[in-house]
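Biologist: I'm still learning to read models like this one. Could you pick a single part and take me through it slowly, in plain words?

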Amino acid sequence: MLDWLAGLAQRLHELSLWLQAFIVEAPIYVAAPAMVVIGTLDSSLLSLPEINDYLVVARCVSDPKSVFYFPLFAAAGSVTGCLLLYTIIRRGGQALMRRRFKAESIARVERAYARYGFLALAVPAILPPPMPFKIFVATAGALEYPRWRFVLTVMIARSLRYTVEGALAVFYGRRVLHFLRINGLLVLSVATTLLIVGVAVYVLAKRVRAPRQSVLEQVEEEKKREQEGKEELKSSTTGPQ
């Protein structure tokens, strides 16, 4: 059994090295769709731990200008795979979710959605491995989280994650993945803080605009009533004698 596991690990390692060499050396019109397919497989039912991150980093290290567009292909693949898993669970795959994840973990994620809303999806999507993410995707499907909001949140979060990794890789090389794994808590704190600040600014701006909009609506309503009153008065004074 141990020999079989060791052989499987060796084959997976060889596969990852081959994929890395392929993504780095292939022209963009081949590497881009391949990255979308790999991202789709990794984010759906198949799991290829950290493969997207490694491939984005490898491509950006070998071709620094690709940091401006290549991470988007990885993000698009990730969104496609997540949407596939989301759809399966939403259409009746709750039994599959319960077999794959512990009931306690599912309950915690459901409480996170109830308390934090889209942050419960955005933060895990941004964080690098080994942060689990599929359980958040599956739970979003089970809770019938709005599809358009789900896609938009995952796309923005994953694009940000892969672009930051690619940019860091251009300056620091492949060591960036090791740094992210070692400093996962720091990354979590920074990402969470930025998201909370962003949401707070949005909510505050919305609350500030609401009273102003209400006042404007009242002024418009008063003008409308005044105009109607003038028209009624004019109609009564110019009517048949």
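**A close look at H4 and its neighbours**

Modeller: Let's start with a pair of helices: H4 passes H9 in a right-handed crossing. Handedness works like this: a crossing is left-handed if the near helix is turned anticlockwise from the far one by less than a right angle, and right-handed if clockwise. Helices here are DSSP runs of H or I with at least four residues, strands are runs of E with at least two, and both are numbered from the N terminus.

Before we go on, keep in mind that this is a predicted model, where local features need pLDDT of at least 70 and side-chain atom pairs count only at pLDDT 80 or more, while totals for chains, interfaces and linings use all residues. Residues are numbered from 1 along each chain as its sequence is written, and side-chain values use heavy atoms, with hydrogens and water left out.

Back to our pair. The angle between H4 and H9 is about 145°, and their axes are 8 Å apart. An axis is a line fitted to C-alpha atoms, for helices over the stretch in contact, and angles run from 0 to 180 degrees between N-to-C directions. On the H4 side, the residues in contact (heavy atoms within 4.5 Å) include Ala75, Val79, Cys82 and Tyr86, and on the H9 side they include Phe150, Val154, Arg158 and Tyr162. By class, this contact has 14 nonpolar, 4 polar and 3 charged residues. Nonpolar covers Ala, Val, Leu, Ile, Met, Phe, Trp, Tyr, Cys and Pro, charged covers Asp, Glu, Lys and Arg, and the others, Gly among them, are polar.

H4 has another partner. The axes of H3 (residues 51–62) and H4 (residues 70–90) come within 10 Å and cross at roughly 165°, so these two helices are roughly antiparallel. For the cut-offs, under 35 degrees is roughly parallel, over 145 roughly antiparallel, 65 to 115 roughly perpendicular, and the rest oblique. The crossing of H3 and H4 is right-handed. Leu55, Val56 and Arg59 of H3 meet Phe70, Pro71 and Ala74 of H4, which gives 5 nonpolar, no polar and 1 charged residue.

Now look at Ser43, which sits in helix H2 (residues 28–43). Ser43 is buried, with a relative accessible area of 5%. Buried means under 20%, exposed over 50%, and partly exposed in between, using a 1.4 Å probe and protein chains only. Among the residues Ser43 touches, leaving out those up to four places away in sequence, are Ser78, Gly81, Cys82 and Arg158.

The largest nonpolar core has 25 residues, and Tyr113, Leu121, Phe133 and Phe150 have the most contacts inside it. Such a core is a set of buried Ala, Val, Leu, Ile, Met, Phe, Trp, Tyr and Cys residues joined through side-chain atoms within 4.5 Å. H4, H6 (103–116), H7, H8 (134–142) and H9 (147–172) each give two or more residues to this core.

Finally, H7 (residues 119–126) has 8 of its 8 residues buried, so the rest of the structure largely encloses it. H6 and H7 pack at about 115° with axes 8 Å apart, which makes H6 roughly perpendicular to H7.
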